[in-house]
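Here is a quick tour for anyone opening this structure for the first time. Have a look around, then read on.

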Amino acid sequence: MQYWLFKSEPSAWGWSDQVARGDAGEQWDGVRNYQARNIMRQMAVGDRGFFYHSQKERAIVGVVEVCAAIHPDTTSSDPRWECVDIRALMPVLRPVTLDSIKADPRLADMALVRQARLSVQPVTPAAWDIICEMAGVDA
């Protein structure tokens, strides 16, 4: 299993929107960055991810699962753009803020710290475990 982080502006698509999609999940569409698209190409069904609210909140608020492998993004007629589908698994007990991630030297190499604008990011197993502990979840 691999781990990921999915960033979303809660005013456009928030945790409650993701939860409302149920087990069917939702495609993680609208990604128009080659690096982020290529990261999604590495994902497999069953991989886990953090759901991160950007903008003012800037915090991990939930855990998701990849429920459909890479496929054409239906919001684009350009075949270069692809996406995966994700479904909500659980909210975190304690949101993990960007500030708390930056304050932990064990997480200094996270893409969230180094490449803040990247909308889909890999998370190492070690970082996954640390953040799950901070969030109060066993995912």
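## The aromatic cluster

Which residues form one aromatic cluster? They are Phe6, Trp15, Trp28 and Phe51. For a pair, the rings of Phe, Tyr and Trp (its six-membered ring) need centres within 6.5 Å; planes under 30 degrees apart are called stacked, over 60 edge-to-face, and the rest tilted. By this rule the count comes to 6 aromatic pairs.

Take Trp28 and Phe51, an edge-to-face pair at 5.7 Å centre to centre, with 85° between the planes. Trp28 sits in the loop between β2 and α2 (34-41), while Phe51 belongs to strand β3 (residues 48-53), so the pair links distant parts of the chain, 23 residues apart. Helices (H or I, at least four residues) and strands (E, at least two) are DSSP runs, numbered from the N terminus. Trp28 and Phe51 are both buried, where buried means under 20% relative accessible area, exposed over 50%, and partly exposed in between (1.4 Å probe, protein chains only).

## Where this comes from

Keep in mind that this is a predicted model: local features need pLDDT of at least 70 and side-chain atom pairs count only at pLDDT 80 or more, while totals for chains, interfaces and linings use all residues. Residues are numbered from 1 along each chain as its sequence is written, and side-chain values use heavy atoms, with hydrogens and water left out.

## The sheet

Now for the strands. An open sheet is formed by 6 strands in the order β2-β5-β4-β3-β1-β6, with mixed pairing; two strands pair if DSSP finds at least two bridges between them. At the edges are β2 and β6 (120-123), each pairing on one side only.

β1 and β6 run antiparallel to each other over 4 bridges. As one of the details here, Trp4 has Pro122 in β6 as its bridge partner.

## Salt bridges

Side chains of opposite charge can pair when their charged atoms come close. A search of the whole structure turns up 7 salt bridges, each being a side-chain nitrogen of Lys or Arg within 4 Å of a carboxyl oxygen of Asp or Glu. One of them joins Arg32 and Asp73, with the closest N and O atoms 2.9 Å apart. Arg32 is in the loop between β2 and α2 and Asp73 in the loop between β4 (59-72) and β5 (82-97), 41 residues apart. Arg32 counts as partly exposed because its relative accessibility is 37%, whereas Asp73 counts as buried because its value is 2%.

Another salt bridge brings together the side chains of Glu82 and Arg41 (2.6 Å, N to O). Glu82 lies in strand β5 and Arg41 in helix α2. Glu65 and Arg48 also form a salt bridge, their closest N and O atoms being 4.0 Å apart. Glu65 is in strand β4 and Arg48 in strand β3, and both are buried. Arg48, Glu65 and Arg87 are linked in a network of salt bridges.

## The largest pocket

On a 1 Å grid over the protein atoms alone, a pocket is an open set of points where a 1.4 Å probe fits, with protein on both sides within 12 Å along at least five of seven lines; lining residues have an atom within 4 Å of a point. The largest pocket has a volume of about 440 Å³, the volume being the space filled by probe spheres set on the points, which are joined across faces, edges and corners.

Its lining has 18 residues, and Lys7, Ser8, Glu9, Trp28 and Ser119 lie nearest the centre. β1 (3-8) and β2 (26-27) are the elements that give two or more residues to this lining. The lining divides into 6 nonpolar, 6 polar and 6 charged residues; Ala, Val, Leu, Ile, Met, Phe, Trp, Tyr, Cys and Pro count as nonpolar, Asp, Glu, Lys and Arg as charged, and the others, Gly among them, as polar.
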